[in-house]
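Trainee: I would like a close look at one part of this model. Please take the salt bridges and the exposure of their partners.

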Amino acid sequence: MTVSSTRTSLPRANIDHSNHFLACTFGDEKVSKDSRRRIEVIERLQNHTQPGLFSPKVIYDSDAIAYSSAVLSFGNAATFDVNMTDRPPREGAPGQMRGVIQVALKRVDAAPITFEDLQQLVDGRTAQLSPRAAVAINLIQLIVRQGPNLKYPNNVKAFFCREAGSRALGGGLEILKGYYQSVRPTLRTLLVNIDTSCGIIYQEGPMPEVALGFLGTTHPRALNLNEGPELSKLRKFFKGIFITFTHRKGKKKIESIVPRGGFEQFEWNKDKSEGVVQSTTVQAYFREAYNITLRYPDAVGVRIGGGSIVPIELCVVAPNQRFTRRLPPELTKKMVEFTSDKPKARLDAIRRGVAGAALDYASSPYVRDAGLQVSTTPTIIDGKVLPTPPMKYNGPVPMTPKFGAWNVVNQQFKEPKNISSWAVVDYSPNPSRDRPANERFVRMIAENCQKLGMSIAPLQVYINGNGGNVTQDLMQAARQATASNNAPQPDMILVILPPSAPEIRFQVKRHGDVQEGVITQCVRVDKVSRANDQYCNNVAMKINAKLGGVNAVPQSKVLMDLARRPFIIMGADVGHPAPGVNDQPSVAALVASYDCQAMKYNAYTTIQPPRLETIDQLQYMVQVSVSPTSPDEFDGNHRIADQRALDDFGKENRAGAERLVFFRDGLSEGEYVKVAEKEIQDIKAAVDEVWRVRKPRESKPTVTFIVVGKRHHVRFFPQNERDADRSGNCPAGFVADQGIGNPIAKDYYLQSHGGLLGTSRPSHYIVIQDENFLNNIDRNSPLPCAIRMLEQPGPSPFPHPCIMLMYVNSMGAFQCADFETACLRSCELSLPP
């Protein structure tokens with residue numbers, strides 16, 4: 001298989017990096033807070049202000065440190081005035097010059113940067129990542145990124161350029177393709193991981209066009225806004241971006257948007273004479289000072305630095321400015337469509353980037369000065385496809401999935417659940433048109449559930465909701481559905497949603513999963529209209545799992561060996577607030593199996609300080625899963641009831657778990673050791689406490705702790721069509737642990753699902769501690785095989801804990817608003833919706 005990585009040498013041995021660290025400070029406070037602007041200033045300093053002084057060029061980390069491979073002629077410290085334009089500077093505030101930014105560089109004492117420790121790591125002579133090796137890796141990473149990051153918009157790790165591809169996204173935005181780069185040590189070689197990436201930038205050009213695109217209209221009168229929601233959205237969209245002007249030179253940052261910009265009044269010192277000012281409007285000022293008659297004086301104005309207001313028709317959005325906020329759902333779909341390249345197309349793009357002008361390692365002065373030799377050929381490694389495990393339904397013959405997926409037609413669930421009361425709430429945008437197709441779908445769902453072994457009563461309630469009060473709609477449906485049997489809630493509410501309705505779905509899940517504890521199943525009307533038996537079966541699988549049933553059980557010797565002693569599977573993750581949101585907590589989630597086959601899972605949640613990655617209350621969450629606890633029991637400030645996983649396992653199985661496999665999602669490489677060490681201690685402490693209090697006859701469980709990484713850019717590409725699946729990806733079950741693995745950890749990559757859209761992303765498994773599988777991660781060992789069982793594709797035949805956690809953490813906003821209800825609710829969950 002071809003990997004999205006190329007080999008690189010280490011820097012040449014005679015490069016002298018000893019004690020040539022330069023601390024960088026900037027005289028402008030705004031520049032100090034803007035990484036992109038800091039990069040621009042250092043680039044301007046080296047290439048325009050003092051090009052002869054910086055030879056060889058320094059490597060800047062975009063934060064506070066620059067690295068020099070030789071002693072620079074200015075000695076230990078120097079201060080530079082960097083003119084950010086080609087024009088002579090003009091006087092500004094007292095003691096300052098406009099457009100000039102002051103930069104101070106000062107040599108600091110630090111340990112020498114050598115590459116000996118890194119060489120030992122790559123050679124396999126050490127299994128420890130020393131601080132020196134870590135600094136060396138970071139420096140090489142900066143060297144390969146420095147050239148393109150100075151030329152193109154970037155987020156430090158990836159850069160974006162039109163040469164790689166671009167497309168108008170709508171909403172005043174544009175999407176650029178680009179390349180991600182990361183230096184990764186492996187046994188015997190050093191790799192540069194290269195992958196395609198994408199960035200969203202503001203559409204450049206006349207600001208009125210960009211604003212109208214954001215507002216979704218083309219009529220200039222749409223910019224005649226007064227205070228209200230539309231103006232607030234426009235302010236948020238444009239705040240902080242740079243603009244140029246049609247009437248003069250210069251570039252300024254937007255501070256705000258004001259209504260009726262042409263009629264804003266201000267005091268104007270027309271003749272520059274001291275104390276002589278006159279009151280005027282923006283419209284009159286531009287007519288007199290620039291001989292410009294505004295076409296749209298009623299349109300919004302743009303407030304820039306110093307409080308000045310410029311009519312929007314005279315403003316131009318500067319190019320290459322990244323949009324870093326969350327995309328609306330309708331634009332996210334367009335972005336996915338543009339960036340979902342098939343494997344062959346993605347690999348071709350990587351090859352073009354390496355060989356072409358975008359990455360251009362051969363001509364980079366930074367790469368050349370360091371003596372790095374970066375290959376232009378992607379690496380090739382050997383891998384293996386694990387055997388597909390058969391799935392046992394309620395029939396005599398197990399079924400073996402093909403191509404990473406399967407069809408349950410003519411099968412029956414292993415443990416089907418019954419539905420005695422249910423309701424349908426229809427939010428179709430055109431009920432009169434969509435109702436016949438929706439009713440046909442409801443009949444198909446009922447028929448398919450019965451074919452799969454479920455007993456389902458006739459539909460009691462079908463109501464049309466309007467989306468204005470979702471809670472009221474659902475409560476009305478529940479009351480009518482349970483009127484005949486006086487049950488507190490129906491077994492299920494089926495909700496038909498418009499093609500894009502995130503707010504309605506949010507309210508549905510908040511009502512069902514947090515407030516009332518009723519099963520809800522959402523489907524989209526555009527999929528309902530063309531539903532077939534396969535689609536209805538997939539929905540039925542989700543429904544059965546949510547009701548606590550079991551769809552199928554993997555038949556595997558590995559799983560049978562694991563089940564010789566009671567075992568529990570756990571998965572944990574922490575969901576954080578969106579970037580820039582500082583007044584919401586992070587949400588920690590844990591899912592844990594509670595049956596003997598690890599087919600049923602309970603979910604536990606708690607909140608903790610924002611952006612704390614370590615799970616603060618993991619010990620208390622884990623404890624519940626061993627034996628029953630009194631509903632009113634407390635331990636200090638922690639509520640024990642319904643909040644710990646080991647107790648639930650003991651309650652269900654009348655025995656304690658003897659094996660514990662823990663999957664931890666969401667950790668970066670720098671957090672592996674620190675977070676895992678603390679959380680393994682918490683797991684052990686939870687076990688010790690339960691065994692101390694409950695005194696079970698079983699021995700304490702042996703613990704395997706595995707970090708599951710998904711936010712990486714390693715991709716695998718089949719070398720020929722016969723090695724690929726129908727989507728062009730590596731087949732389901734492909735595993736690689738040679739030639740790409742980390743030299744300091746037992747790790748491997750597993751592509752467990754068949755490809756659907758674009759290029760599949762493998763999961764990266766890092767084994768931190770293993771007391772169950774004897775630290776054996778050879779491709780034929782039990783550990784990846786067991787993981788393969790847990791990640792069988794499909795709605796919920798065997799739910800992987802980390803996949804379930806995506807759903808649990810998506811409920812974070814609910815839990816922040818309704819914590820007392822939500823975090824005490826122990827739910828059987830499967831995959832969304």
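Is Glu771 buried, partly exposed or exposed?

Mentor: Glu771 is partly exposed, with a relative accessible area of 35%. Buried means under 20% relative accessible area, exposed over 50%, and partly exposed in between (1.4 Å probe, protein chains only). Some ground rules come with this predicted model: local features need pLDDT of at least 70, side-chain atom pairs count only at pLDDT 80 or more, and totals for chains, interfaces and linings use all residues. Residues are numbered from 1 along each chain as its sequence is written, and side-chain values use heavy atoms, with hydrogens and water left out.

Glu771 forms a salt bridge with Lys684 (a side-chain nitrogen of Lys or Arg within 4 Å of a carboxyl oxygen of Asp or Glu). Their closest N and O atoms are 3.1 Å apart. The pair links distant parts of the chain, 87 residues apart. Glu771 sits in the loop between β40 (763-770) and α20 (782-790), and Lys684 in helix α19 (residues 672-694). Helices (H or I, at least four residues) and strands (E, at least two) are DSSP runs, numbered from the N terminus. Lys684 is partly exposed, at 29%.

Helix α19 also holds Arg692 and Glu689, three residues apart, so about one helical turn separates them. Their side chains meet in a salt bridge at 2.6 Å, N to O. Arg692 is exposed at 51%, whereas Glu689 is partly exposed at 25%.

Elsewhere, Arg235 pairs with Glu227 in a salt bridge, the closest N and O atoms being 2.7 Å apart. Arg235 is partly exposed at 22%; Glu227 is exposed at 54%. Arg36, Arg37 and Glu40 are linked in a network of salt bridges. The structure holds 27 salt bridges.
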